[in-house]
Amino acid sequence: MKKILIIEDDKLISSLVQFRLKKEGYETHLVCDGNEGILAIDSYLPDMIITDVMMPFRSGIEIIHHARQSQPNTPIIVLSSLGEEEEVVLEAFNLGVSDFIPKPFNPNELAIRVKRILK
Amino acid sequence: MYSFLFFLLLEIFGLMFLILSFSVILIYLILMVLSALEMRDFLRKNSFADYGDIITSPITPGVSILAPAYNEGQNIVQNAQSLLSLHYGKFEVILINDGSKDDTLEKLISSFELEKTNYAYHPEIETKAVRGIYRSKNMSFRRLTVIDKENGGKADALNTGINIASLEILACIDVDCILSSDSISRMVRPFMEETNRKVIAVGGVVGIANNCDVKDGTVTTYNVPETVLGKFQVIEYFRAFLMGRMAWSRVNGLMLISGAFGFFRKDLVRAVGGYFPKTVGEDMELVVRMRRYMYEQKIPHKVSFVPDPLCWTEVPEDQKVLSRQRNRWMRGTIETLQLHQALGLNPKYGIVGMISYPFWSVFEKFAPIIEASGIIYTITLLAIGDFSAIYFFALLVMMYLLSLLVSSFSVLYEQIAFNHYKEKKDLRKLIWMILTEPFVIHPKVVYWGILGHIDFIKGKGGWGAMIRTGFKKAEDKRNLAEQSTT
Amino acid sequence: MSKRLHWIIFGLFSLIPGLSQAQEDPVPRDSTGFYEFLKSQREVPGLSYRYIFSEKGITLAYRSDSLFSLSKTDSGYVSKPFADFSWIDELQQQLVVDSLMYQIQLELYSQPKSIEVAQEYLSDLIGKGDYLVKVQEDLPDVDLVSLAAKMPYLPVQKFKLKFMSDYRLLAVTLIIVFFFIASAAMIISMLVMKANKIKREALQDEYEGIIIEPLTTLLFEKGVKDIMAMDEAEIHSFFPKNLLVKELYQHVLIDRIIGLNKKMKGEFKEKLKALYKKLELDKVSIKSLHHRKWDRVTMGLVQINEMDLIEALPEVKKFTNSSNFHIRSRAVSALLNLSEHVDFKALRDQTYPLSLWQQMNYLRIIRFVGLHKDLNFETLLDSKNQSIRVFAIKLVRILGRVDMIDRLISYEETASDEEKIEILETYATVGAHMESRFINVCLRSSNPSVAAAAAKAAAVIGDADSEEILLDLLQSETDFRRKRSFLRSLYKLNKEKFEMVTSGDSSSDLLEIRNHILDPMLQDV
């Protein structure tokens with residue numbers, strides 16, 4: 001069973017995402033801020049990381065940096081509350097992010113993309 | 001005969017101190033209540049504010065950021081970069097090199113690929129000579145303009161910036177301040193919300209960055225500074241900024257905006273003639289002059305205040321530097337109040353004339369003198385064995401308790417509103433500071449204030465006939481501007 | 001300020017009681033009064049008195065009386081000198097009883113002097129402070145105080161002291177009491193507020209925790225129709241009835257549902273809206289419109305807006321011209337957003353000046369709504385409120401509504417200066433070349449801001465006439481900045497004329513401006 005790490009501070013959103021992904025048969029782990037996210041990347045060793053960009057303590061970009069350094073092969077999906085702000089998107093893709101989903105989003109769509117990437 | 005005079009004086013002083021003590025207590029209680037109400041309204045308003053739109057909307061006004069720099073070679077490039085990366089749509093950054101003796105200009109030119117332009121500089125506000133105006137051919141730095149000029153002081157440098165600023169709102173900041181990325185959108189909001197009262201200026205809060213962790217232009221972890229002077233300034237920041245200015249802005253009596261982080265309407269600043277370089281308190285003087293102008297033109301206006309922490313700076317923790325700063329502040333206050341004497345207790349100038357000005361004269365300008373004489377008075381009474389010394393000693397104790405009350409209130413206030421200093425040990429440090437401040441720090445502050453008075457009288461910092469003629473010129477310019485627009 | 005200060009200080013001075021008294025001479029000038037005074041003073045250094053008798057009536061008893069210690073003189077007898085004046089009454093009573101004729105003689109340093117001299121002497125002493133007037137009826141404690149104070153014991157001072165110390169005591173006590181009451185009140189209320197806040201926050205966290213599961217399950221397991229078909233019992237199995245009636249629980253639910261609604265797309269929004277209505281939260285939102293406090297009303301308006309509660313619109317209409325900025329701002333937002341045919345009338349009829357903040361919000365809504373509805377905002381131009389008309393003109397420009405240009409043209413006559421500036425900018429942006437006539441008229445306006453705006457517009461859509469006018473203006477204009485803007489417009493319109501004006505022996509000003517305009521790095525300034 002594949003493991004997915006979710007880094008998101010909005011509890012409802014993360015709960016929805018978790019629920020949806022569990023339905024697809026994935027195991028999920030949830031953390032609510034940047035610091036914990038970075039720790040979890042190293043300890044949980046997920047098969048995929050789903051992270052938001054705006055978060056307390058550390059920004060999503062930092063998390064992506066860290067992930068790329070310690071787990072270069074793990075695919076990352078960015079869920080962004082900043083919409084589609086150009087600079088952020090560019091930077092994320094430059095760092096090798098697999099997909100970028102702006103909010104407002106559809107959890108079903110998210111699930112489809114996750115499945116595609118983890119094939 | 002002389003002994004009679006002596007005791008007569010004692011009686012008068014006694015009466016005066018009684019009245020003053022009562023006033024101080026009453027006023028601080030009122031300030032606390034007003035600031036509480038204002039903060040409550042502000043927090044409520046904030047829950048409805050959506051700042052995402054501001055950045056991109058075509059309705060939003062443009063902002064010209066003015067930052068004078070003198071011998072900032074070490075950090076100037078970093079500072080400029082952080083300014084250029086602020087989150088806002090329409091803005092420009094104007095750095096003014098005020099005749100630095102170090103490599104400030106060179107560093108800028110090389111880092112930002114600057115070239116001298118053929119800018120037709122014709123100063124509306126007279127300034128020291130401008131040697132060149134630089135821009136970059138590189139599109140990433142298109143927002144940056146650098147002015148190179150002869151040294152003339154902060155006010156003069158800002159005036160050159162005002163002369164070439166091209167957008168509607170001016171943001172006058174200290175170049176070494178850290179600004180959070182959404183600072184411009186938040187400070188612009190009061191300008192945008194104006195309806196009947198014209199918003200002429202918006203003041204911000206300058207937080208204390210000493211000992212804090214800073215990342216990407218925002219303070220990420222708040223820590224109380226290590227030194228006593230640092231801790232004292234944190235308390236002062238809660239009291240004066242958060243509480244004091246919130247209270248004053250509620251009654252629209254704000255007379256002072258921090259020179260390190262203030263936003264102004266450009267057309268109005270130009271109309272009153274820009275900053276006045278001959279005073280050391282140029283930030284306060286400009287605001288008072290702008291308000292005066294609005295009252296004289298009979299235009300309803302207000303000076304707003306945004307308490308969100310958007311700007312941080314390192315405050316002096318060295319006693320020498322701090323004492324010089326306080327000395328300068330006192331001289332600036334005296335100069336401004338002197339220049340605008342006509343406002344005092346004059347109903348033509350509304351709240352500023354009838355309330356703010358007298359308050360500032362008595363409780364800010366004369367405060368150190370009053371406090372010092374109060375102590376001397378009580379000691380004298382004790383020395384001659386007058387029984388009433390006990391009453392005045394009781395008053396002193398009460399003043400101490402009042403200061404405890406006000407400081408604790410300010411700390412609680414910050415906790416309810418922002419709650420940045422979360423660590424228990426930080427709170428303990430602050431509480432200890434509140435208890436000891438009146439004995440350890442306050443006497444020093446009073447002393448520095450008195451020195452400020454003395455230096456002012458001695459004529460330090462350009463007082464004298466120069467100020468009168470200088471101001472007259474600004475008034476003349478204003479009159480000229482009026483004539484040409486009618 | 002200083003003049004007024006003088007008056008205040010003067011006022012203070014006159015408050016000091018007893019001041020005037022101090023200057024009065026305490027020595028009575030009439031003889032009775034003088035003797036009474038002396039009696040009260042008992043002894044006065046330098047002054048003494050004797051009695052003088054004639055021969056008649058002096059009995060042997062008297063002659064040997066030790067009290068008077070009479071001595072024989074040429075004309076009769078004279079008593080010994082007495083220093084203590086308080087004895088006068090008793091002495092004279094004795095003499096009256098014995099029916100003796102007597103005369104009292106005042107002596108200064110043992111020299112007989114008249115009463116006037118004695119009075120002068122005493123006044124002098126007191127005035128110089130060498131003699132201290134004694135006052136009889138003291139309360140023992142004030143005596144002690146003044147003794148303890150070692151203060152100069154003037155009668156005035158004593159009175160003043162009593163009065164002063166009384167009122168000082170009173171004043172200080174009052175101040176202290178006032179202070180303690182006020183600070184106690186303040187501290188207690190703040191602690192109570194903080195306690196309440198903590199309680200509320202804890203409860204809020206708890207509620208947030210328990211709604212996550214029901215919401216999540218509902219959103220994924222039920223379709224929109226299923227949600228709408230749920231009956232009360234089912235709803236309560238997800239969201240307990242006893243909690244649903246609690247205000248804070250409702251608040252948390254509303255908040256979270258709206259938050260989710262903002263972040264989700266597609267069918268989830270429909271589900272959330274259906275759920276909102278099922279839980280009767282829409283009624284809560286509408287009810288808060290009638291709340292006393294403005295922020296609750298505003299929250300209600302926001303909720304109505306977010307959740308598309310169209311049925312509330314008639315209520316919302318009542319708030320569109322509220323005196324509270326936030327209320328009227330949100331009310332109009334809701335109307336623009338939710339009304340079936342975008343209702344601009346409410347905006348048109350606003351009497352308060354329209355802030356930029358409102359304009360920004362309305363613009364966003366108008367843009368969004370304009371994607372699938374018609375925007376007939378022409379009616380805004382009929383508004384009595386100038387700021388609304390200005391906004392309307394901005395809308396023409398920002399939305400690129402070229403079809404409204406004709407309307408603007410007919411509007412030019414009645415436009416104020418501020419509106420003219422907006423119109424000019426709009427013409428320039430949409431490229432309304434046929435309106436160069438209007439631009440040329442505005443170029444000659446007496447209002448420099450209008451002229452400046454006209455110059456900017458002329459750069460884009462000016463014609464030959466504009467060029468002439470610009471040339472003309474350049475001659476007469478003195479203000480540097482305006483010259484620059486005119487010259488730049490001329491440059492954009494007709495480079496040859498520009499060259500003509502700026503080359504040759506033109507003023508240094510023009511040369512400077514020319515170089516500025518030609519500089520590629522200064523194109524936007």
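Predicted model: local features only at pLDDT ≥ 70, side-chain atom pairs only at ≥ 80, totals over all residues.
Q: What pattern does chain A follow along the sequence?
A: Start with the inventory: chain A has five helices and five strands. Reading along the sequence then gives the order of these elements, which is β-α-β-α-β-α-β-α-β-α.

Q: What is the radius of gyration of chain A?
A: Picture the box first: the C-alpha atoms of chain A fill roughly 35 × 30 × 25 Å along the principal axes. For 119 residues the globule rule gives 14 Å, and chain A comes close to that, so it is as compact as a globular protein of that length. The radius of gyration of chain A is 13 Å.

Q: What percentage of contacts in chain A between residues at least 6 apart in sequence join residues at least 24 apart?
A: Buried residues make up 35% of the 119 residues in chain A. As for the contacts between residues at least 6 apart in sequence, the share joining residues at least 24 apart is 60%.

Q: How many Å does helix H25 of chain C reach from its first C-alpha to its last?
A: H25(C) runs over residues 464-476, which is 13 residues. At 1.5 Å a residue, 18 Å would be expected, and the helix comes close to that. Its reach is 19 Å.

Q: Which helices are included in what covers the buried residues of H25(C)?
A: The buried residues in H25(C) are Ser466(C), Ile469(C), Leu470(C) and Leu473(C). They sit on the same side of H25(C) because they cover an arc of only 105° around the axis. The face turned away from that buried side carries the exposed Ala464(C) and Gln475(C). What covers the buried residues includes chain C helices H23, H24 and H26.

Note on methods
Residues numbered from 1 in each chain as written. Chains lettered and ligands numbered in written order. Helix = DSSP H or I, 4+ residues; strand = E, 2+ residues; numbered from the N terminus. Expected span 1.5 Å × (residues − 1). Buried ≥ 20, exposed ≤ 12 C-beta atoms within 10 Å, placed from the backbone. Arc of directions from axis to C-beta. Contact = placed C-beta atoms within 7 Å. Rg over C-alpha atoms; globule rule 2.2 N^0.38 Å.
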